[in-house]
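Me: I've got a structure open and want to talk it through. Can you take my questions as they come?

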Amino acid sequence: MTDALLLDPPTQALLIQAVAERRDREAFGQLFRYFAPRVKSYLLRLGAEDGLAEEIAQEAMVAVWRKAASFDPAQASVSTWVFTIARNKRIDGLRRLRRPELDPEDPALQPEARPAADRLLDASEREERLRRALNTLPEEQAEVIRLAFFEDKAHAAIASETDLPLGTVKSRLRLALTRLRRALAADGMDQA
Amino acid sequence: MTSHCAPDEMLLAYAAGWLDEPLSLVVESQAALNPESRKRLAAYEAIGGVLLDELPPAPLCREAIDRTLPRLDQAAEQAVPHRPAGTAPCGCGSRPRDGLPLPASLRRLVGSDLAALPWKWRMPGLSEVVLQVGGGQRVSLVRIAPGRRAPRHSHRGHEIALVLAGAFQDGTETYGAGDLQISDGTVDHEPRAIGDRPCICLTVLDAAVRLTGPFGRLLNPFIRG
Ligand SMILES: [Zn+2]
Ligand SMILES: [Zn+2]
């Protein structure tokens, strides 16, 4: 088993399908080898100590196994889905209240006015566009996104870490977010 | 244009997993009630997915997979298959009218029967239930009777109001179910419930309100977080 294993999004989706439909342990093993070390890396970045990060990563992967049938490729790519599961597992550990998944059967869920045509577009295609946008951001903007996302940093803390004025951090973050949203806007993700 | 969605910073913080509990409740509730806000949140979560893919893998404990595999069989919890694409949720095509149905996050806290909650009278036409949510903020459900106003006030900190049912008007702006308003010390307002039903909001205050109307100044000492 190698940590260098790479899985492209279509393969990830096929593996999830194999887990959902056939309870395929081999497929799960591949997903585990790809995602568990990344989930652990994410948790370490958020400040979890090694043992806890390991434990939550395993728990998150067990949840992936359990919930595989509820994975909806129209809503999110596999990596986004795994990311939200891991994030919620971590928060469950921090809080009194369990975080509910956004329940598709929640009777309060208000449907979209027009079932968007972009729904037909696979979420992984949308996210491919997002990935390209993220990779073409000026490094300084990509950096504030990463800091804002993974390092639990208030804007002020990012400012002191990067030796930048707070206003600069905020405007870089805003620029970056605008670009990323624009990348998604082509299919109506956001008009703002 | 006011979008009535949670601001980007809040959605990003939620997506990243470090928004505090009161504001998480607001984001989750709005995501259920407001498709636009749900879409924006999904975009931020997708950023998380992309970043996760690109993180350098951290070395795992050598027995990690061997310790995980046996746990799969204990995984009794059955996953609910997702609804086929394009179908509407069961019979929930309209906006909530009587405050029901509540978003799942709120139902966990208060149950589904709003009428059964211990509403506390605050002033004519306005009652409140304070919710037990971690964090230093005051989190409540506020109910304003049709046509009644909240007393004119401003804020020492921030106020977030998410409309769960009914609607209110503030100045020229109208907020209906699923809309969110953020106010701070720069506003001096008296939101008014409009329509023929009570307006019920989830509110989060990070500091006490400051009543500014003629009677408000007298009441001020009694309105304490
Ligand atoms: Zn329903
Ligand atoms: Zn106010």
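Me: Start with chain A. What share of its residues count as buried?
Reply: Of the 192 residues in chain A, 41% count as buried. Keep in mind that this is a predicted model.

Me: And how many helices and strands does chain A have?
Reply: Chain A has eight helices and zero strands. Along the sequence the pattern reads α-α-α-α-α-α-α-α.

Me: What about contacts along chain A, what percentage join residues at least 24 apart?
Reply: Counting contacts between residues at least 6 apart in sequence, 64% join residues at least 24 apart in chain A.

Me: Which domains is chain A divided into?
Reply: There is domain 1, covering 9-94, and domain 2, covering 122-185. Taken over C-alpha atoms, the centres of these two domains of chain A are separated by 24 Å. Their contact takes twelve residues from domain 1 of chain A and seven residues from domain 2 of chain A.

Me: Which helices supply at least two residues each on the domain 1 side?
Reply: In chain A, α1 (9-22) and α2 (25-45) each supply at least two residues of the side of domain 1 that touches domain 2. By class, that side of domain 1 of chain A has seven nonpolar, four polar and one charged residues.

Me: Stay with α2(A). At what angle does it pack with α3?
Reply: The angle between α2(A) and helix α3 (residues 50-67) of chain A is about 140 degrees, and their axes are 9 Å apart.

Me: Why is that called oblique?
Reply: The roughly antiparallel class is for angles over 145 degrees, and roughly perpendicular runs from 65 to 115. An angle of about 140 degrees therefore makes α2(A) oblique to α3(A). As for handedness, α2(A) passes α3(A) in a right-handed crossing.

Me: Which residues meet there?
Reply: From α2(A), the list includes Phe28(A), Leu31(A), Phe32(A), Phe35(A) and Val39(A). From α3(A), it includes Ile56(A), Met61(A), Val64(A) and Trp65(A). The residues of this contact of α2(A) with α3(A) divide into 15 nonpolar, one polar and two charged. Lys40(A) in α2(A) and Glu54(A) in α3(A) are among the residues that meet.

Me: Switch to chain B. How many helices and strands?
Reply: Chain B has six helices and eleven strands. Buried residues make up 44% of its 225 residues. For contacts in chain B between residues at least 6 apart in sequence, 67% join residues at least 24 apart.

Me: Where do the domains of chain B run?
Reply: In chain B, domain 1 is 8-73 and domain 2 is 104-222. The C-alpha centres of the two domains of chain B lie 30 Å apart. Twelve residues of domain 1 of chain B are in contact with 15 residues of domain 2 of chain B. On the domain 1 side of that contact in chain B, the residues divide into six nonpolar, three polar and three charged.

Me: How does α1(B) pack on α3(B)?
Reply: Helix α1 (residues 8-16) and helix α3 (residues 35-54) of chain B pack at an angle of about 50 degrees, with axes 9 Å apart. That makes α1(B) oblique to α3(B), and the crossing is right-handed.

Me: Which residues of α1(B) and α3(B) meet?
Reply: Leu11(B), Leu12(B), Tyr14(B), Ala15(B) and Ala16(B) in α1(B) meet Arg40(B), Leu41(B), Tyr44(B), Glu45(B), Ile47(B) and Gly48(B) in α3(B). By class, this contact of α1(B) with α3(B) has eight nonpolar, one polar and two charged residues.

Me: What follows α1(B)?
Reply: Gly17(B) follows α1(B), and its phi is positive, near 100 degrees.

Me: Last one, Glu173(B). Where is that residue found?
Reply: Glu173(B) is in strand β7 (residues 173-176) of chain B. Glu173(B) is partly exposed, with 13 other C-beta atoms within 10 Å. The C-alpha atoms of Glu173(B) and Ile47(B) are separated by 32 Å, and these two residues are 126 residues apart along the chain.

Terms used. Residues are numbered from 1 along each chain as its sequence is written. Chains are lettered from A and ligands numbered from 1 in the order in which they are written. This is a predicted model: local features need pLDDT of at least 70, side-chain atom pairs count only at pLDDT 80 or more; totals for chains, interfaces and linings use all residues. Helices (H or I, at least four residues) and strands (E, at least two) are DSSP runs, numbered from the N terminus. A residue is buried if 20 or more other C-beta atoms lie within 10 Å of its own, exposed if 12 or fewer, and partly exposed in between; C-beta atoms are placed from the backbone. Two residues are in contact if their C-beta atoms, placed from the backbone, lie within 7 Å. Domain bounds come from an automatic or database domain assignment. Ala, Val, Leu, Ile, Met, Phe, Trp, Tyr, Cys and Pro count as nonpolar, Asp, Glu, Lys and Arg as charged, and the others, Gly among them, as polar. Axes are lines fitted to C-alpha atoms, for helices over the stretch in contact, and angles run from 0 to 180 degrees between N-to-C directions. Angles under 35 degrees count as roughly parallel, over 145 as roughly antiparallel, 65 to 115 as roughly perpendicular and the rest as oblique. A crossing is left-handed if the near helix is turned anticlockwise from the far one by less than a right angle, and right-handed if clockwise.
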